[in-house]
Every structure is written in structure tokens, then in C-alpha cells.
Amino acid sequence: MTDDHSESQTLPEPLDVIAVGAHPDDVEIAIGGTLARLVRQGYRVGIVDLTNGEPTPGSPGPPVRLEEARAAAEILGVQVRETLTLPNRCLFDGFFERLTLARLFRRYRPKLVLGIAGKTPMASPDHWQASQITDAAVFYSRLSKWDDEFGGLPVHTIRRQLWYPLGLHSLDEPDGGGRFVMDISDTLAVKLDAIRAYKTQFPPGKERVFRLVESQNRYFGSAAGFEAGELLISTTLLGLSDLMGALFTETPALEKPFPPLVP
Ligand SMILES: [Zn+2]
């Protein structure tokens, strides 16, 4: 444990966005295209994996998985990746876990945090725990009069939080304040390359995963008039102050009428 002074003196350059997953590859599968696009738009983006995701059947161990995660982050172009040491397979929402993530938020001071949306039935229960830990850590990050728990790290208020659905089977997603699709037409290929960096998780025999991810992104994208898209859920109602700016973005696909699916 460092003292108050050294914690605050060693604060890194702030990030604009932090995306939190339970395991290395969660974030890439769900919102890799969104993160790659944010980086290309000039934002500073970080990924936090709450666990190292190991053990898994196809991986020889944590060092290999960590190297895959590093390579995936490099492909996306994100500035920071932190893989925490909370336990895979038995991750639980608890005070220590919340505080661990909240300390990291206070260090990197993001404006926006993206967390997992709800449960992932038939997949790892770690995802639901990660969702709750993230929600709590966003709140803890802004609480004053709690310096003992934060080693002098300054209070930081995260201005926006979004949820991202994870997995291809679940329809059990929180309603939140509204759903919208992020255009990833230009970064879908980068996203798929980043997922391919996890060679131990997605060997040639699991090529189906890439078809499923791409199909989902094509489906969501088509529904919004893009070549490809990722679904995001706002935790609060989204308000607009520039209606025309929001509806008529610089995205070329939106500048022409959406072609009717049925002629
Ligand atoms: Zn996972």
C-alpha cells in the first residue's frame, strides 16, 4: 500500500474511456469495433480485465493468455490495458472487488465507462458479477470522505456509463435508458483481427465464432443503416441538444436514404 502522497503523485495521463470485462477477450468480442473507432477518432481508451481468464481448456497458462491480450490491445490501438488479478471462475461482487476497480477509475479518471450488460446464461457467471462490480465502482469512484480506502487518490466523477451486451445467446439485457447502435463499418475487420489474437481461445476449429460475431454486427449495423454495428445500452435516458447533428452524422451510410430491404 502506498501512502497518500505517492498515489496522487504518480497519476497517469487520463483516459477518455474505460471498458471493463471479466476476462481478456470479453471486450473485444462485444465492443472491439467501438473501441477501435474511438481510438481512430483521437480518444484515449483503456481496457480493464477483472481477471486473467485462466485456466481455460485451450491455453497453456496465464502468460500466453496475457500475451494474447497484449497483442489484441495493440491491434485495437488502445492506449492502456490493465489485467487485474481477481480470480477467474469465482469472481464475486464484493467490497474488495468494487474498491479495486474504483481505485483504478480514480487513477485513470475516465469520462465514460462501459460495462457488461446483465447476465449471460449458459456462459460464465463471472460476467454478471463483473457487471455489478463495474456499476458499484463507478459510484464508489465519486464518493468523498472515504480517503482511507483510496490511499489519497482524488475523488473522480465518471460522467457517463454505458452497458454492452455480451454473448450471442442472451436476450436478458437490462432496459436502461435506451439502446443504440455504434457504427463500426470501418473497424469491424480490426475487431475480428483483435479477437483472432486469442489463438488459444479461438483455434481453427472455432471459426464459427467469427461468423457469429460478424453476423451479429452486420445485423445490428443493418438495422441502423450501417455496414456493421455494435449494440450499446445507455444507463440513463439519452438527451440531445443538437437534433440534426445527432441524426445526420458524418457517416457516409447515413447521408443517403437507407435502401429498402423489400423493393
Ligand atoms: Zn468472458
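Is Asp25 buried or exposed? Asp25 is buried, with 24 other C-beta atoms within 10 Å; a residue counts as buried if 20 or more other C-beta atoms lie within 10 Å of its own, as exposed if 12 or fewer do, and as partly exposed in between, with C-beta atoms placed from the backbone. Keep in mind that this is a predicted model, where local features need pLDDT of at least 70, side-chain atom pairs count only at pLDDT 80 or more, and totals for chains, interfaces and linings use all residues. Residues are numbered from 1 along each chain as its sequence is written.

**The chain overall**

- The secondary structure comes to 10 helices and seven strands; these are DSSP runs numbered from the N terminus, with helices being H or I of at least four residues and strands E of at least two.
- Of the 263 residues in the chain, 40% are buried.
- Take the contacts with a separation of 6 or more: 80% of them come from residues 24 or more positions apart. Here, two residues are in contact if their C-beta atoms, placed from the backbone, lie within 7 Å.

**The sheet**

- The seven strands make an open sheet with mixed pairing, in the order S3-S2-S1-S4-S5-S7-S6. Two strands pair if DSSP finds at least two bridges between them.
- Strand S3 (80–86) and strand S6 (178–183) are the edge strands, and each has a single partner strand, so one side of each is left without a neighbour in the sheet.
- From one strand to the next, the twist averages 25°. Angles run from 0 to 180 degrees between N-to-C directions, and axes are lines fitted to C-alpha atoms, for helices over the stretch in contact.

**Strand S4 and its partners**

- S4 (residues 112–116) pairs with S5 (residues 160–164) in the parallel sense, over five bridges.
- Looking across to S5, Leu112 has Arg160 as its bridge partner, and Leu114 has Leu162.
- S4 also pairs with S1 in the parallel sense, this time over three bridges; Ile18 has Val113 of S4 as its bridge partner.
- S4 is largely enclosed by the rest of the structure, because four of its five residues are buried.

**Helices on the sheet**

- Helix H4 (residues 95–108) lies across strand S1 (17–21), strand S2 (45–51), S3 and S4, and runs at about 160° to S3.
- Helix H8 (residues 207–224) packs on the sheet too, touching S6 and strand S7 (229–234), with its direction at about 75° to that of S7.

**Helix H5**

- H5 (residues 126–141) has 16 residues and should span 22 Å at 1.5 Å a residue; its end C-alpha atoms are 22 Å apart, which agrees. The expected span is 1.5 Å times one less than the number of residues.
- H5 is mostly covered, with 12 of its 16 residues buried; among them are Trp128, Ile133, Val138 and Tyr140.
- The cover over those buried residues includes S1, S2, H4, S4 and S5.

**H3 against H7**

- H3 and helix H7 (residues 188–196) pack at about 170°, with their axes 8 Å apart.
- That makes H3 and H7 roughly antiparallel to each other; angles over 145 degrees count as roughly antiparallel, under 35 as roughly parallel, 65 to 115 as roughly perpendicular and the rest as oblique.
- On the H3 side the contact uses Ala72, Ile75 and Leu76, and on the H7 side Val190, Asp193 and Ala194.
- By class, this contact has five nonpolar, no polar and one charged residues. Ala, Val, Leu, Ile, Met, Phe, Trp, Tyr, Cys and Pro count as nonpolar, Asp, Glu, Lys and Arg as charged, and the others, Gly among them, as polar.

**Ile47 up close**

- Ile47 is part of strand S2 and counts as buried, with 28 C-beta neighbours inside 10 Å.
- Leaving out residues up to four places away in sequence, Ile47 touches Ala19, Val27, Ala73, Val78 and Arg81.
- Ile47 and Val80 are 33 residues apart along the chain, and their C-alpha atoms are separated by 6.3 Å.

- Most residues other than glycine have a negative phi, and most peptide bonds are trans.
- Asp25 has a positive phi of about 110° although it is not a glycine, and its place is in the loop between S1 and helix H2 (26–40).
- Lys145 also has a positive phi, near 60°. Lys145 sits in the loop between H5 and helix H6 (147–150) and is exposed, with 6 other C-beta atoms within 10 Å.
- The peptide bond from Glu54 to Pro55 is cis, with omega near 5°; Pro55 is in the loop between S2 and helix H3 (62–76).
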